[in-house]
Amino acid sequence: MNQTQPGILDPIPLQGRYLFFEPVPGADPRASLAALRDLVDGKGTVVGLGHSLALALGVEIDGLRVFPALVGQGIALPSTPAALWCWLRGDDRGDLLHRGRAIEQAIARAFMRVRAVDGFRHGTGLDLTGYEDGTENPQGPDALAAAVVKGAGPGLDGASFVAVQQWLHDFDRFDAMSPEAQDNTIGRRKRDNEELEEAPASAHVKRTAQEDFEPAAFILRRSMPWCDGQGRGGLQFVAFGKTLDAFEAQLRRMVGSEDRIQDALFRFTRPVSGSYFWCPPLHDGRLDLRALGV
């Protein structure tokens with residue numbers, strides 16, 4: 001039986017809400033984590049725990065670390081760690097709001113919400129630029145192989161790691177590009193999603209071609225667009241992996257760490273956050289927190 005939180009592998013929902021929590025100073029998180037374990041099912045709400053929380057519990061999860069603050073020519077990618085992350089998934093935004101309130105109340109003794117982002121599905125699964133997101137996602141058994149830990153033992157098998165970034169788009173800058181320049185930035189034609197063989201080396205598709213890494217850097221993307229009441233918007237990037245190595249290899253290539261060629265995405269969008277989390281497996285339909293001693 002699959003032990004993975006089902007929401008990791010399920011299709012993108014119509015609505016999403018991302019909650020980020022920090023610990024209440026001096027509070028023991030164990031009782032709140034036990035309450036969270038009994039409240040969520042891993043399907044409608046996916047849970048991830050940060051490196052600082054594991055350390056606070058006196059535990060080291062192999063492979064869990066802090067998001068790297070990378071620097072490239074004229075760009076700086078922020079690292080914004082959090083102790084706890086919840087991805088609420090569903091069809092009704094109001095339901096997600098109330099579900100989030102219930103979670104916040106259940107864990108309030110040890111955790112305080114510091115940030116929330118509301119996401120949504122755009123069209124058939126498009127970024128707000130109009131390009132399809134996650135075209136080369138692995139499917140079926142390949143998705144499991146890319147995203148899920150196996151062979152690590154009880155309490156660890158079925159887990160996943162996740163990289164979370166909020167990207168802020170400059171829509172005016174993007175709209176000022178010609179259609180050809182837009183296609184060359186992404187590396188695909190917007191009208192039919194076909195990859196451009198003659199796209200420049202800076203095209204996003206070429207910078208992040210998963211099979212071009214050694215070893216291959218396959219990740220399972222589950223990103224959603226976001227927007228706020230001030231007209232700002234972009235992509236809430238979410239990528240699951242059996243380790244964080246594949247995502248990090250892609251990110252380093254994007255900033256030009258290998259060859260000083262930066263991803264053309266940076267011409268119109270930048271991340272404003274960056275966090276890593278460990279998503280525990282399930283046991284008897286509940287979060288399996290044995291690895292944390294809970």
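**Close-up views of the predicted model**

**View 1. Strand β7 and its partner β11.** β7 and strand β11 (residues 269-271) pair in the antiparallel sense over three bridges. Strands count as paired if DSSP finds at least two bridges between them. The bridge partner of W167 in β11 is P271. Strands (E, at least two residues) and helices (H or I, at least four) are DSSP runs, numbered from the N terminus. This is a predicted model, in which local features need pLDDT of at least 70 and side-chain atom pairs count only at pLDDT 80 or more, while totals for chains, interfaces and linings use all residues. Residues are numbered from 1 along each chain as its sequence is written, and side-chain values use heavy atoms, with hydrogens and water left out.

**View 2. β7 beside β10 and β12.** An antiparallel pairing of eight bridges joins β7 to β10, and F161 has G241 of β10 as its bridge partner. β7 also pairs with β12 in the antiparallel sense, over five bridges. In that pairing F161 is the bridge partner of W278. Nine of the 10 residues of β7 are buried, so β7 is largely enclosed by the rest of the structure. Buried means under 20% relative accessible area, exposed over 50%, and partly exposed in between (1.4 Å probe, protein chains only).

**View 3. Helix α9 and its cover.** Seven of the 10 residues of α9 (residues 245-254) are buried, so the helix is largely enclosed by the rest of the structure. Those buried residues are A246, F247, E248, Q250, L251, R253 and M254. Their cover includes β7 (160-169), α8 (204-207), β10 (233-241) and β12 (275-279). Contact means heavy atoms within 4.5 Å. Just after α9, G256 takes a positive phi of about 90°.

**View 4. Helix α2 and its cover.** In α2 (residues 30-39), the buried residues are S32, L33, A34, L36 and R37. Helices α3 (51-56) and α4 (93-106) are among the elements that cover them. The strands in this cover include β2 (45-49), β5 (84-90), β6 (111-120) and β14 (286-287).

**View 5. The whole protein, for orientation.** The secondary structure comes to nine helices and 14 strands. The radius of gyration is 19 Å, close to the 19 Å that the globule rule gives for 294 residues, so the protein is as compact as a globular protein of that length. This radius is taken over C-alpha atoms, and the rule is 2.2 Å times the number of residues to the power 0.38. Along its principal axes the C-alpha trace spans about 55 × 40 × 35 Å. Of the 294 residues, 51% are buried. Among contacts with a separation of 6 or more, 78% are between residues 24 or more positions apart.
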